[in-house]
Amino acid sequence: MKIEPRTFTLPNGEVLTVRSLCADDAEALNAFRNVTYSETYFMARYPEEGVSLEAMGNRLADCGESPVNFEVGAFAGEKLVGEFGVAQLRPHIKYRHRAVVGISVRKEYWGCGLGSYLMQLAIDQTRSNGFEQLELGVYSDNSRAIHLYEKFGFERYGIQPRAFKLKDGTYRDEIIMVKML
């Protein structure tokens with residue numbers, strides 16, 4: 001599905017364009033993910049684990065056609081600086097009330113309110129799409145993200161031990177969180 005484009009003004013006066021991502025944004029999304037994957041280990045993948053531009057474009061096109069799933073990006077000019085995606089957990093009747101969210105922001109845009117703005121937009125649109133709960137997983141040592149999620153009413157309901165194995169051989173637990181809508 002597509003959201004109405006809007007703007008977000010940063011504290012320094014820079015105006016970002018926030019809009020749905022489409023197949024034509026595959027290259028920008030790929031570049032964005034390569035940057036964010038290398039800025040922190042808190043992401044799901046390493047830079048070398050990216051997907052093909054064709055596959056990414058197809059996924060974005062499918063999302064644009066979906067009645068409930070959506071991918072949104074925040075752009076500084078042509079540069080993607082933040083994004084989130086919300087997807088129905090499963091299409092089966094017993095799961096249709098549940099959605100999962102993933103969000104990321106370039107490090108240079110941390111601490112300026114963009115993550116909060118995007119999270120509120122994700123929550124509002126998820127609720128409008130008829131979902132009853134929004135779920136996510138977060139590295140247990142990602143205190144910035146945990147703070148953001150708790151600020152928006154997400155509650156911890158479980159821990160997946162050793163959910164992530166880093167290149168250095170160490171493990172990180174994943175905190176599973178939910179927000180009732």
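User: In which helix does Arg33 lie, and is Arg33 buried or exposed?

Analyst: This is a predicted model, in which local features need pLDDT of at least 70 and side-chain atom pairs pLDDT 80 or more, while totals for chains, interfaces and linings use all residues. Residues are numbered from 1 along each chain as its sequence is written, and side-chain values use heavy atoms, without hydrogens and water. Buried means under 20% relative accessible area, exposed over 50%, and partly exposed in between (1.4 Å probe, protein chains only). Arg33 lies in helix α1 (residues 26–39); helices are DSSP runs of H or I with at least four residues, and strands are E runs of at least two, numbered from the N terminus. With a relative accessible area of 12%, Arg33 is buried.

User: Which residues does Arg33 touch?

Analyst: Contact means heavy atoms within 4.5 Å. Leaving out residues up to four places away in sequence, Arg33 touches Met56, Arg59, Glu71 and Glu83.

User: How is a pair of packed helices described?

Analyst: By the angle between their axes and the distance between the axes. Axes are lines fitted to C-alpha atoms, for helices over the stretch in contact, with angles from 0 to 180 degrees between N-to-C directions. Here the axes of α1 and helix α2 (residues 53–65) come within 9 Å and cross at roughly 110°. Ala26, Glu27, Leu29, Asn30 and Arg33 of α1 make the contact with Leu53, Met56, Gly57, Arg59 and Leu60 of α2.

User: Which residues of α4 are buried?

Analyst: In α4 (residues 143–151), these are Ala145, Ile146, Leu148 and Tyr149. The face turned away from them carries the exposed residues Ser143, His147 and Lys151.
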